[in-house]
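Please read the points below with the structure open beside you. They are meant for someone meeting this structure for the first time.

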Amino acid sequence: MDRECKVSMTVIRRLPKYYRYLGDLINKGINRISSQELSKLTGFTASQIRQDLNNFGGFGQQGYGYNVEELHRQVGKILGLDRDYNTVIAGSGNLGQAVANYKGFEDAGFKVLSLFDKNPKLIGLKIREVEIRDVDLMEQFIKDNDVEIGIITTPKENAQDIADIFIKSERIKGIWNFAPADLKVPEHIVVENVHLNESLFTLSYFLKNCDIYNS
């Protein structure tokens, strides 16, 4: 197993935030930053930041701090953003179209090649020049275009069927799942769940139960 796969999920979840803040610093023309300064931006302790980054090698210099552009590049490389990923979206309703419309994914190397749906009224339409195709064509399309990432934006009852098509294609390595369903997939396929209701319910909990919001 690669070293990166042995790093705790807590550390991995912090990496995108480092990447985002470092990108902001680059846009502001800032060339270097200390762990203390980065701590003030991110909300993580300076010690925590150093420990997180030390999981992947030493990027800072004593008395200098971090070169912002180089650290941004290295964190991007750790996150796998130094390459492109062919992607498809299963489910072309409002959510699927919203995902397809977000240019930030393409800028980060996630190229949506096609959307798929079973609704004949949607088939043939284009979202940002990306065509919506019949879901029956999806497995072969994935094979023909070396697609590695499948995004599920279907209703819950269709999610596992879509995942099964991804599995059958023998090309998909990762699934970004927006459906409120727990998918059954082989161990070699990584699933990242984005359950919008659960996130909203968590917000509701904090609003109801935490004193900071009720004072």
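Over the face of which ring does Arg-14 lie, and at what distance from the ring centre?

1. Arg-14 lies over the face of Phe-44, at 5.5 Å from the ring centre. A charge is taken to sit over a ring if NZ of Lys or CZ of Arg is within 6 Å of the ring centre and within 35 degrees of the ring normal. Arg-83 is likewise placed over the face of Tyr-85, at 4.2 Å from the ring centre.

2. A word on the basis of these values: this is a predicted model, in which local features need pLDDT of at least 70 and side-chain atom pairs count only at pLDDT 80 or more, while totals for chains, interfaces and linings use all residues. Residues are numbered from 1 along each chain as its sequence is written, and side-chain values use heavy atoms, with hydrogens and water left out.

3. The structure holds 7 aromatic pairs, a pair being two rings of Phe, Tyr or Trp (its six-membered ring) with centres within 6.5 Å, called stacked if the planes are under 30 degrees apart, edge-to-face if over 60 and tilted for the rest. One of them is the stacked pair of Tyr-85 and Phe-110, at 5.1 Å centre to centre and with 10 degrees between the planes. Tyr-85 belongs to strand 3 (residues 85-90) and Phe-110 to strand 4 (residues 110-117), so this pair ties together parts that are 25 residues apart in sequence. Tyr-85 counts as buried at 16% relative accessibility, whereas Phe-110, at 25%, is partly exposed (buried means under 20% relative accessible area, exposed over 50%, and partly exposed in between, with a 1.4 Å probe and protein chains only).

4. Trp-176 and Phe-178 form an edge-to-face pair, 4.7 Å centre to centre with 65 degrees between the planes. Trp-176 is partly exposed at 24% relative accessibility, and Phe-178 is buried at 12%.

5. Strands (E, at least two residues) and helices (H or I, at least four) are DSSP runs numbered from the N terminus, and two strands pair if DSSP finds at least two bridges between them. An open sheet of 7 strands has the order 5-6-4-3-7-8-9, with mixed pairing, and its edge strands, each pairing on one side only, are strand 5 (126-127) and strand 9. Strand 3 runs parallel to strand 4, joined by 6 bridges, and pairs with strand 7 in the parallel sense over 4 bridges. Val-88 has Ser-114 as its bridge partner in strand 4 and stands opposite Gly-150 in strand 7.

6. The largest pocket holds about 1900 Å³ of space. On a 1 Å grid over the protein atoms alone, a pocket is an open set of points where a 1.4 Å probe fits, with protein on both sides within 12 Å along at least five of seven lines, and lining residues have an atom within 4 Å of a point. Of the 39 lining residues, the closest to the pocket's centre are Ile-12, Leu-79, Leu-81, Phe-110 and Glu-192. Helix 1 (9-27) gives the largest share of the lining, 7 residues.

Terms used:
Points joined across faces, edges and corners; volume = space filled by probe spheres on them.
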